[in-house]
Amino acid sequence: MSVLDGPREERRRIFHEGLPVWVRVDGERLVLPDGRSVAETEATYLAPCDPTKILCIHLNYDSRRIEFKAPALTTPTYFQKPTTALNVHRGKLNRPAGCQYLNYEGEVAAIVGKPMRNVSRDEVWDCLAGFAPANDVGAHDFRDTDSGSMLRVKGQDGFCPIGPGIVRGVDIRRSTLKTFVNGKVVQEAAVADMTFGIDYLLADLARHITFLPGDIVLTGTPAFSRPMFPGDSVEVEVSGIGRLSNTVQETPAPSHRIGHQPTDSVEVRRVALGSSGAAS
């Protein structure tokens with residue numbers, strides 16, 4: 001059954017009485033399998049999936065490509081986040097001391113529901129468990145050393161918040177993606193504006209890589225990714241799917257001063273600040 005076909009179904013996972021529990025949403029309460037319920041505002045969320053891999057596309061909206069002054073795309077390119085980057089609804093986004101370019105990137109996460117390899121674009125929709133809002137957080141202070149792999153830029157612990165739940169039964173192709181900082185819209189685009197559709201991305205990757213249930217594919221962000229600051233409230237909303245909320249905080253720098261340190265170069269500013277920083 002296609003993940004696009006209704007009725008809408010949403011599952012969330014919370015930590016309750018020492019255990020992870022899947023719940024359903026009923027208004028402002030979350031209903032446990034045994035019929036008890038908890039107030040949504042009091043819930044401690046867990047990620048709505050257990051991925052073996054988190055794969056991401058570099059550029060997938062023309063607004064972002066133009067902002068980067070990149071040539072027209074013919075095929076997608078990808079990078080990978082470690083699974084330790086996973087974070088949750090209402091989780092903290094940590095900006096290590098010494099970093100200043102911790103950027104938001106609102107995205108749609110596609111979550112795999114069953115093993116997938118060598119599938120057609122049409123078959124992709126039958127293999128997905130659902131969708132969730134996600135934030136492809138990046139510390140561009142490390143772009144001078146890891147711009148290819150994006151490992152320390154996008155792969156640090158907690159740099160992939162996702163949730164609050166996983167939703168199916170919604171035609172994601174008709175949804176709109178918005179990112180808010182302190183309640184103000186800072187990114188907005190129709191999912192239909194993606195250069196490469198979600199079915200294209202999964203079918204392309206599955207030609208070479210086996211997807212397993214819970215695996216995540218982040219599907220790209222539109223223009224106007226910019227730095228977040230300690231105390232900021234950052235939310236990613238996908239219409240029909242949900243709204244992910246996180247707060248930025250500053251944390252101590254790593255204890256041992258080895259390897260590449262955060263830098264503030266022209267290239268770092270070009271990416272972190274977009275056109276507003278290109279002339280800096």
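Which side chain does the side chain of Thr-179 join in a polar contact? That of Gln-187, at 2.9 Å; a polar contact is a pair of N or O atoms within 3.5 Å, where within protein one must be able to donate a hydrogen and the other to accept it, and residues adjacent in sequence count only if both atoms are side-chain atoms.

1. Basis. This is a predicted model, in which local features need pLDDT of at least 70 and side-chain atom pairs count only at pLDDT 80 or more, while totals for chains, interfaces and linings use all residues. Residues are numbered from 1 along each chain as its sequence is written, and side-chain values use heavy atoms, with hydrogens and water left out.

2. Thr-179. This residue lies in strand β16 (residues 176-181); strands (E, at least two residues) and helices (H or I, at least four) are DSSP runs numbered from the N terminus. Thr-179 counts as buried because its relative accessibility is 0%, where buried means under 20% relative accessible area, exposed over 50% and partly exposed in between (1.4 Å probe, protein chains only). Neighbours within four places in sequence aside, residues in contact with Thr-179 include Tyr-104, Lys-184, Gln-187 and Glu-235; contact means heavy atoms within 4.5 Å.

3. Lys-154. Helix α4 (residues 151-154) holds Lys-154. Lys-154 counts as buried because its relative accessibility is 3%. Its side chain makes a polar contact of 3.3 Å with the side chain of Glu-105. Beyond four places in sequence, Lys-154 is in contact with Glu-105, Asp-136 and Gly-138, among others.

4. The three-stranded sheet. An open sheet has the order β13-β10-β19 with antiparallel pairing; two strands pair if DSSP finds at least two bridges between them. The edge strands, each pairing on one side only, are β13 (138-139) and β19 (227-228). Strand β10 (residues 102-103) is joined to β13 by two bridges, and Asn-103 stands opposite Gly-138 in β13.

5. Strands β11 and β12. Seven bridges pair β11 (residues 106-112) with β12 in the antiparallel sense. Val-112 has Leu-128 of β12 as its bridge partner. In β12 (residues 128-135), eight of eight residues are buried.

6. Largest pocket. Its space is about 300 Å³. A pocket is an open set of points on a 1 Å grid over the protein atoms alone where a 1.4 Å probe fits, with protein on both sides within 12 Å along at least five of seven lines; lining residues have an atom within 4 Å of a point. Of the 16 lining residues, Phe-142, Pro-254, His-260, Gln-261 and Pro-262 are the closest to the centre.

Terms used. Points joined across faces, edges and corners; volume = space filled by probe spheres on them.
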